[in-house]
Amino acid sequence: MFKKVLASLAVLSSVALVACSNGSSKSANQSEWDRVKEAGVLRVATPGTLYPTSFHNDKDQLVGYEIDMLNEIGKRLDIKIDYQEIGVAEAFTSLDSGKVDITVNNFDPTEERKEKYNISDAYKYSVGGMIVREDGSSNITKADLSDWKGKKAGGGAGTQFMKIAEKLGAEPVIYDNVTNDVYLRDVSTGRTDFIPNDYYTQVIAVKLITEKFPDIKVKMGNVKYNPSSSVIIMSKKDTSLKDKIDGVIKEMKKDGMLKAISEKYYAGQDLTEPLKDVKDIPVVDTSGKK
């Protein structure tokens, strides 16, 4: 009797192993899009603190250019969007570990990112800008960016703009995933000298924050640099998810939806097409810089 029980257990164990093996094999062979489609959810890393691309409105709802765009992508692909609000460094760690499927935060398609990840079609075009003190005491005005050296630049760890600042000899002051008013107040009080970041994002942020907090005395600097495009970053396991997302971005450009979202958040400006008249602005090469 005991031998029969052991034999039965062995058979059940073998069946279980085969089932597990088949399940693992199926999971391993699934494309990225099939996995997301089966789950019915696209997991997205986003800061939730960057106005006007990903922020909380007065009703504490997560909104913004990238959020509206992704909500529309989810609608057209018939999947839910699960937002995980985290900073840049953690976003890439979460993407690498598989905790999220994609990450957005005005990311440039750098050569290093292209090598490691799949990159979507561009959904926004811009240039680099900077926020400085209103009274001019930041002393950053040179068109060739030579006066960045020795200045304190505020930003998130791992961003392309902080890499540019470090390359030019600025001293990085690193922040976690904080809101715009924290960054701007530190420039105003002298804790930092400037904030290098996306020009059009900063223009809107400065207007909003200085109206809301009149004691924050900052302005946009006049210098522009590094024409850029914003893309969605995702796993390089295969191109199935990229293909689906790129297809929707193309549709949204063609039917005008992406333009409407841009105009909604960027004061009527269409940033969905490459910018003109940017050939003469300086470009800082950060390739190879971690």
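Asp277 lies in the segment after α10 (257-265), and its phi is positive, at about 60°, although the residue is not a glycine. The model is a predicted one, in which local features need pLDDT of at least 70 and side-chain atom pairs count only at pLDDT 80 or more, whereas totals for chains, interfaces and linings use all residues. Residues are numbered from 1 along each chain as its sequence is written, and side-chain values use heavy atoms, with hydrogens and water left out.

A positive phi, near 65°, is also found at Asp60, a residue other than glycine. Asp60 belongs to the loop between β2 and β3 (62-63), and its relative accessible area of 57% places Asp60 in the exposed class. A further backbone feature is the cis peptide bond from Tyr51 to Pro52, for which omega is near 5°; Pro52 is located in the loop between β1 (41-46) and β2 (55-56). Throughout, helices (H or I, at least four residues) and strands (E, at least two) are DSSP runs numbered from the N terminus.

Strand β7 (residues 124-133) has 10 of its 10 residues buried, so β7 is largely enclosed by the rest of the structure. Its pairings are assigned where DSSP finds at least two bridges between two strands. With strand β12 (residues 225-234), β7 pairs in the antiparallel sense over four bridges, and the bridge partner of Gly128 in β12 is Tyr225. Strand β10 (residues 194-198) is joined to β7 by five bridges, again in an antiparallel arrangement, with Asn197 of β10 standing opposite Gly129. Strand β11 (residues 218-220) likewise runs antiparallel to β7, to which it is joined by three bridges, and here Lys219 of β11 stands opposite Val132.

Within strand β12 lies Ile233, which counts as buried at 0% relative accessibility. The C-alpha atom of Ile233 is separated by 6.6 Å from that of Ser120, although the two residues are 113 residues apart along the chain. When neighbours within four places in sequence are left aside, the contacts of Ile233 (contact meaning heavy atoms within 4.5 Å) include Phe92, Leu95, Ile102, Phe107, Tyr117 and Ile119, together with Asp101, Thr103, Arg113 and Asn118.

Helix α3 (residues 65-77) packs on α9 at an angle of about 110°, the axes being 10 Å apart. The two helices are therefore roughly perpendicular to each other, on a scale where angles under 35 degrees count as roughly parallel, over 145 as roughly antiparallel, 65 to 115 as roughly perpendicular and the rest as oblique. On the α3 side, Met69, Glu72, Ile73, Arg76 and Leu77 meet Lys244, Ile245, Val248, Ile249, Glu251 and Met252 of α9. By class, the residues of this contact of α3 with α9 comprise seven nonpolar, no polar and four charged; Ala, Val, Leu, Ile, Met, Phe, Trp, Tyr, Cys and Pro count as nonpolar, Asp, Glu, Lys and Arg as charged, and the others, Gly among them, as polar.

The axes of helix α2 (residues 32-39) and α9 come within 6 Å and cross at roughly 70°, which makes α2 roughly perpendicular to α9. In this packing, Glu32, Trp33 and Val36 of α2 meet Ser240, Leu241 and Lys244 of α9, and the contact of α2 with α9 divides into three nonpolar, one polar and two charged residues.

Aromatic rings of Phe, Tyr and Trp (its six-membered ring) are taken as paired if their centres lie within 6.5 Å, planes under 30 degrees apart counting as stacked, over 60 as edge-to-face and the rest as tilted. By this rule the count comes to 11 aromatic pairs. The rings of Tyr199 and Tyr200 have centres 5.1 Å apart and planes at 90°, so this pair is edge-to-face. Tyr199 is buried, with a relative accessible area of 17%, and Tyr200 counts as buried at 14%. Ring pairs also link Trp148, Phe161, Phe194 and Tyr225 into a cluster.

Conventions
Axes fitted to C-alpha atoms, helices over the stretch in contact; angles between N-to-C directions. Buried < 20%, exposed > 50% of the residue type's maximum accessible area, 1.4 Å probe, protein only.
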